[in-house]
Amino acid sequence: MNTTDNKFFCFYPFRAIDILADSSAVPCCRFDERFSENLSYVNDKNSISDAFNSEYFNNLRNKMLAGEKVNGCWKCYKEDDSGVKSMRVGANQYMQETTEIDLEYLEIESGRFCNLKCRSCSPTVSSGFHKEVKSSNFMSNHFRLEPNDEILDPKNQLNKSFLYIAKEQSQKLKYIKVTGGEPLLSEYFLEYIQKLNKWGFSKNITLQFYTNSSFLPKQKLLSALSKFKQIDLFLSIDAIGKKSNYIRSGSDWNTMENVAKQWYNFSVDNKNVILDVNTTISIYNVLYLKELFNWTNEHLKIKWPALSFVHNPSFLSVSSFGVDIRNKILKILKKELNELGFNSDKSPRYKKLINFLENTENSDKFLKFIEFTDNVDKIRNEDWKVIFPELYRLLTGYKNSI
Ligand code: SF4
């Protein structure tokens, strides 16, 4: 079986599991079936092996082997169609290409506990939104949450599944990826990696995690990290200065700069640490990549951050704007990136970015973008037109109705 002949086949359900913030289990982070009632959970009664061998996972595997489309995989199909290398196609980077059912790749969301409320994020993955959802009708309607919804309960913010991953279930793991909320605010995450140290497994494991780089890490975390075979550390940085403060609301750019530089020093001192930046491309930051890349290059020696793209909410995705606006963005981007010495021959990340902008669907969520942005600006006392004047000018030329 391979991913070229069978466009709906993927190795993830055979080799990997992703435990979401509420402890439910899906095959990977791209899989879009959060809240399905058929999901199984990892908790004190149901082990990670039970979830991995559940009827839900077996159904997915059977569908894929039969070449049937799996609804939860639409994001990968969309990227495949637009010429972007999807996780489906890139699975061999992390796991063996076999349909033998064995868990070697664990992904886990640390919970909803996060100190930020980024524009493209939501209360289902960040507790940073809770106050706004409780106090603003727009927010509670937009996210379809009642102010007393149990998801907003402080008790439900950390993923306790870490506590229930036993030694024998960790034995064959080769790769662990931890995402947020904010992993470094989870005491359970720290406890689990300390256990991996104690069990002697850390030396076999590449641990990848993302941090919002908005606070300094604890010393005991740093010493636990130093024992792993490899640490792939991603700092989530989408822009610099005021633009960063706006997109990653709740953060302070001066602090982020300082913390990012400290992580850089940690990576210089610990050879098992590979530092990278992950930039999530949305309509807000797409015109400001040159200044960001100049900053990452100067301070972190990273020329090209890893890129991911906002798909949800679709009205913040660059791909949701009409072809004419995307062509203007492309022209500006190509010129600026060429000035930095980037082109498709030298950088797959450049190709990924340009492909995404060139080949995605032609829908138009412009009015929804304005409605959401203006309303959140009012709540946060911000003004996107001031923070992103070039974007405002570009969009004003596009629709005179702003
Ligand atoms: S096709 Fe994509 S979304 Fe589906 S399981 Fe594979 S990596 Fe995940």
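In which helix is Asn258 found? Asn258 sits in α11, a helix that covers residues 253-269. Helices here are DSSP runs of H or I with at least four residues, strands are runs of E with at least two, and both are numbered from the N terminus. The structure is a predicted model, in which local features need pLDDT of at least 70, side-chain atom pairs count only at pLDDT 80 or more, and totals for chains, interfaces and linings use all residues. Residues are numbered from 1 along each chain as its sequence is written.

Asn258 is exposed, because 12 other C-beta atoms lie within 10 Å. A residue is called buried if 20 or more other C-beta atoms lie within 10 Å of its own, exposed if 12 or fewer, and partly exposed in between, with C-beta atoms placed from the backbone. Leu216 is 42 residues away from Asn258 along the chain, and their C-alpha atoms are separated by 8.8 Å.

Other helices hold exposed residues too. Gly397 belongs to α17, residues 389-398. Gly397 has 12 C-beta neighbours inside 10 Å, so it counts as exposed. Between Gly397 and Ile283 there are 15 Å from C-alpha to C-alpha, and the two are 114 residues apart in sequence. Glu298 is part of α12, residues 289-300. Glu298 counts as exposed because it has 9 other C-beta atoms within 10 Å. Glu298 and Ser282 are 16 residues apart in sequence, and their C-alpha atoms are 23 Å apart in space.

The next topic is the loops. Both Arg144 and Pro154 lie in the loop between α6 (137-142) and α7 (167-170). Arg144 has a positive phi of about 50 degrees although it is not a glycine. With 7 other C-beta atoms within 10 Å, Arg144 is exposed. Pro154 is exposed as well, since it has 10 C-beta neighbours inside 10 Å. Pro154 and Asn265 are 111 residues apart along the chain, with 34 Å between their C-alpha atoms.

Is Ser23 buried or exposed? Ser23 counts as buried, because 21 C-beta neighbours lie inside 10 Å. Ser23 is in the loop that runs between β1 (16-19) and β2 (25-26). Its phi is positive, about 80 degrees, although Ser23 is not a glycine. A further loop, between β8 (306-309) and α13 (323-339), contains Pro313. The peptide bond that joins Asn312 and Pro313 is cis, with omega about 0 degrees.

How do two helices pack in this model? The axes of α13 and α14 (residues 348-359) are 10 Å apart, and the angle is about 165 degrees. Axes are lines fitted to C-alpha atoms, for helices over the stretch in contact, and angles run from 0 to 180 degrees between N-to-C directions. The two helices, α13 and α14, are therefore roughly antiparallel to each other. Angles under 35 degrees count as roughly parallel, over 145 as roughly antiparallel, 65 to 115 as roughly perpendicular and the rest as oblique. On the α13 side, Arg326, Ile329, Leu330 and Leu337 meet Tyr350, Leu357 and Glu358 of α14; two residues are in contact if their C-beta atoms, placed from the backbone, lie within 7 Å. The residues of this contact comprise five nonpolar, no polar and two charged. Ala, Val, Leu, Ile, Met, Phe, Trp, Tyr, Cys and Pro count as nonpolar, Asp, Glu, Lys and Arg as charged, and the others, Gly among them, as polar.

The residues around it include Cys10, Tyr12, Cys28, Cys73, Cys76 and Met87; a residue is near a molecule if its C-beta atom, placed from the backbone, lies within 6 Å of it. The helices α1 (12-15) and α4 (74-81) each supply at least two residues of this shell. Nine residues of the shell are nonpolar, none is polar and three are charged. Arg30, Lys75 and Arg88 are also among the residues that surround the ligand.
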